[in-house]
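Subject: Structure handover

Hello,

Here is the structure we talked about handing over. Please load it first, then read my notes below.

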Amino acid sequence: MAPVLSRSETAGSRRTVRIGFLGFGTVGQGVWKHVRENRRRLEARLGARLELARAAVRQAGKKRGVALDAGQLTTNGREIVEDDSIDIVCELMGGTGEARELTLEALRRGKVVISANKALLCEHGEELFATARKHGGQYFFEASVAGGIPIIKALREGLVANRFPLIYGILNGTCNYLLTRMEREGLAFEPLLEEARALGFVEADESLDVDGWDTAHKAVVLAWLAHGKWVRYDEMVVEGIRKVTQDDIAHARSLGYAIKLLAVVKRDFASNRLFVSVHPALVSRRNVLANLDGPYNGVSVTGDIVGTTCYIGRGAGQDATSSAVISDIADAVLWLQRCEPRRDEPSASPGVGREPACGILPLENVESSFYLRLMVKDAAGVLAEVASVMGRHLVSIATVLQKTAATPGRACLILTTHVTNERAMKNTVEELAGLESLLEPPFLLRVAAFEE
Ligand code: HSE
């Protein structure tokens, strides 16, 4: 039983719902500002009074765009989660240490926690939901994936009738911004990354963005929501965009593709297995996501009943993320008034409706075409050697381009393959990497065979 109603006060005929914040950075301030500015409209829609209560911050004296009274700030997050008058805790501090402790404590006290923290959800989701259920609270996370795009609600509510053979998308705005600028301006990755760092577009731990981990966290959340399985990192392919060069972009363009960092969640219902991957991919220009430029996110969801649906919008930033957090606040208020059912089950829960738990597809069963860039010695027999390695692993070559490299004696080979599988390609790349004629590690991209 959710004990929350007893904490809500009444003002006239309306309940007052008090909202506390853990972390008051860009998103926290955005949520505060937009709730304050839209309070009357939101209150009318929700039938409750919203009270912005307090925020826990690291530095109380810091100058902020949204100024709070001294009494509304604390440097002790426990004061927020232990405050019985606070019904909803917005965890916008990030990280998986203190954020986990404080979230669990709030959930143990039966509160609703709203979070944008995909890393925490990805690594501790099971524990968070179990704690929420046990103590009658809720854990909402619309802002954790694709910022302002309501993809969690789309999967959970709008598409509730469906099972999902394929979900893929661009889930990291920073990578999409960098790849777009590389493509449009012909600039190399490193100087662009440097510039993006200076503009504050890159996470403090930049590996989260450019090595694909932020996208991986979001992909794990989507996979859980769609398939009821928490996929571990060691069961996925996770590759970032650091090694993408102008050669790759130009060659992809000549073949009719753009290069995008994709998260792909594929489910094979026949074998009841799924595979989650994050990697830069060649995406056909006919696909709407290939034309999604700049810091935008886009998600394509194929449902067995609805067909393919596509969602595009801003995946990060104060306003877009605040919009998602406030939608969770609205759900939380309805939940607190008990107008809404629980929403913490994934679309497919093992055991529910006799749905058996699904497994992970072996690499042999994960198929696509590939793009392979090799820096080799420009010498007789090298191309034949490469082709022979690929042939041994039954990887069939579709196209070959050889470019003379700037350094004499070197050549850049760009190959594409016909459809093969991850295992064959992994073995091929490992063997190629050991060739004496290979001058740099092979660079591999997948060709996404998604036309919509
Ligand atoms: N660094 C992330 C991005 C922020 O660029 O998409 C939103 O998770």
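Start with the ligand. The residues around it are K118, L171, N172, G173, T174, E203, D209, D214, K218, G315 and A316. Here, "around" means that a heavy atom of the residue lies within 4 Å of the molecule. By class, this shell holds two nonpolar, four polar and five charged residues. Ala, Val, Leu, Ile, Met, Phe, Trp, Tyr, Cys and Pro count as nonpolar, Asp, Glu, Lys and Arg as charged, and the others, including Gly, as polar. Helices α7 (173-185) and α10 (213-227) each supply at least two residues of the shell. Helices are DSSP runs of H or I with at least four residues, strands are runs of E with at least two, and both are numbered from the N terminus.

Before you go further: this is a predicted model, with local features needing pLDDT of at least 70 and side-chain atom pairs pLDDT 80 or more, while totals for chains, interfaces and linings use all residues. Residues are numbered from 1 along each chain as its sequence is written, and side-chain values use heavy atoms, without hydrogens or water.

Polar contacts (N or O pairs within 3.5 Å) come next. The side chain of T174 places an N or O atom 2.7 Å from a ligand oxygen. For D209, a polar side-chain atom lies 2.7 Å from a ligand nitrogen. Taken alone, the ligand exposes 260 Å², and the protein buries 87% of that. Areas are Shrake-Rupley, with a 1.4 Å probe.

Now the aromatics. The whole structure has 13 aromatic pairs. Rings pair if their centres lie within 6.5 Å; planes under 30 degrees apart are stacked, over 60 edge-to-face, the rest tilted. F129 and W230 are stacked, because their ring centres are 6.4 Å apart and their planes at 25°. F129 sits in helix α5 (residues 118-135) and W230 in the loop between α10 and β9 (237-238), so the pair ties together parts 101 residues apart in sequence. Both residues are buried, meaning under 20% relative accessible area.

Y168 and F450 also stack, at 4.1 Å centre to centre and 25° between the planes. Y168 is in strand β8 (residues 166-170) and F450 in the segment after β19 (443-448), so this pair ties together parts 282 residues apart in sequence. Y168 and F450 are buried.

One aromatic cluster is formed by F129, Y139, F141, W224 and W230.

Best wishes

Definitions and conventions: Polar contact = N/O pair within 3.5 Å; in protein donor to acceptor, adjacent residues only side chain to side chain. Phe/Tyr/Trp six-rings, centres within 6.5 Å; stacked < 30°, edge-to-face > 60°. Buried < 20%, exposed > 50% of the residue type's maximum accessible area, 1.4 Å probe, protein only.
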